[in-house]
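Subject: Structure for your files

Hello,

Here is the structure I said I would pass on. Please look it over before reading my notes below.

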Amino acid sequence: HDCLPVYFRQRWPSSRRKTRFTGGVERTLVAVKPDGVQRRYVGQIIQRFEKRGFKLVGLKMLQASDGLLSQHYRELVKKPFYPNLVDYMTSGPVVAMVWEGLNVVQSSRRMVGPTNPAEAPAGTVRGDLSLHVSRNVVHASDSVEGAEREIKLWFEGKELLNWECYDHSLTYKEDK
Ligand SMILES: Nc1ncnc2c1ncn2[C@@H]1O[C@H](COP(=O)(O)OP(=O)(O)OP(=O)(O)O)[C@@H](O)[C@H]1O
Ligand SMILES: Cc1cn([C@H]2C[C@H](O)[C@@H](COP(=O)(O)OP(=O)(O)O)O2)c(=O)[nH]c1=O
Ligand SMILES: [Mg+2]
């Protein structure tokens, strides 16, 4: 990925010992949906990702258009709930962000929890903050390829910043 800083371009060495990382340093799209914004959860959701150790590299508030959503949810456009999904997602502003870090795609999915909040464990965003599948507060990309596609859809290249966290060496062990 050429927009990542040089020291991130290699994948993390998979293990000499028991520790196995499934991925490398990745980026993912997380979006606070209109219900999350209206309920003033933006700060709490950002805080969860910051606390975990991920790095924020893009952030904006926008009104999503039907066109953007039909591309974002292209696998769902034929579903019976799709018109309701668009009404929901266009009902107010969305806060879109790009988070970067080791395994961030899978980890953020786990932090967000299953699609249906009824199945989401306590401790996940959806399990803590929502009840209904059609008002599930947050979006997170569900694969590395999906994340790349979604980030391109929601952000222009110049809106994503490469910067170094001062605490990088405390959250990552870099093998010499
Ligand atoms: N059966 C359904 N009834 C109502 N809404 C649904 C249903 N299935 C999915 N949705 C809505 O469509 C969204 C997208 O569905 P998807 O299968 O991609 O779930 P997800 O990946 O968990 O959610 P997201 O893509 O928003 O992170 C869900 O988050 C939910 O808001
Ligand atoms: C599956 C499903 C999703 N949705 C909505 C909420 C989901 O967050 C959104 C996108 O679905 P999806 O991408 O399948 O789930 P996730 O958000 O976990 O990636 O569509 C419904 O409203 N009803 C449903 O039955
Ligand atoms: Mg999804």
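The notes below cover the annotation, the sheet and the helix packing.

Please keep in mind that this is a predicted model.

Annotation. An unreviewed UniProt entry carries the annotation "domain: Nucleoside diphosphate kinase-like", which covers residues 25-162.

Sheet. Four strands form an open sheet in the order β2-β3-β1-β4, and the pairing is antiparallel. The edge positions belong to β2 (55-62) and β4 (138-140); each has a single partner strand, so one side of each has no neighbour in the sheet. On average, neighbouring strands are turned by 20 degrees against each other, direction ignored. β2 and β3 (residues 94-102) run antiparallel and are joined by seven bridges. If you want a place to start looking at this pair, Lys60 stands opposite Ala96 in β3. Helix α5 packs on the sheet, where α5 touches β1 (25-32), β3 and β4. The direction of α5 makes about 30 degrees with that of β1.

Helix packing. α5 (residues 104-112) also packs with helix α2 (residues 42-52), at an angle of about 135 degrees and with the axes 12 Å apart. Because of that angle, α2 counts as oblique to α5. The crossing of α2 past α5 is right-handed. On the α2 side the residues that meet α5 are Arg48, Phe49 and Arg52; their counterparts in α5 are Ser107, Ser108, Met111 and Val112. Sorted by class, this contact has three nonpolar, two polar and two charged residues.

Regards

Methods:
Residues numbered from 1 in each chain as written. Chains lettered and ligands numbered in written order. Predicted model: local features only at pLDDT ≥ 70, side-chain atom pairs only at ≥ 80, totals over all residues. Heavy atoms only, no water. Axes fitted to C-alpha atoms, helices over the stretch in contact; angles between N-to-C directions. Helix = DSSP H or I, 4+ residues; strand = E, 2+ residues; numbered from the N terminus. Parallel < 35°, antiparallel > 145°, perpendicular 65-115°, else oblique. Left-handed = near helix turned anticlockwise from the far one by under 90°. Contact = heavy atoms within 4.5 Å. Nonpolar A, V, L, I, M, F, W, Y, C, P; charged D, E, K, R; others polar. Pairing = 2+ DSSP bridges. UniProt positions renumbered as here; feature names shortened; annotations may be inferred.
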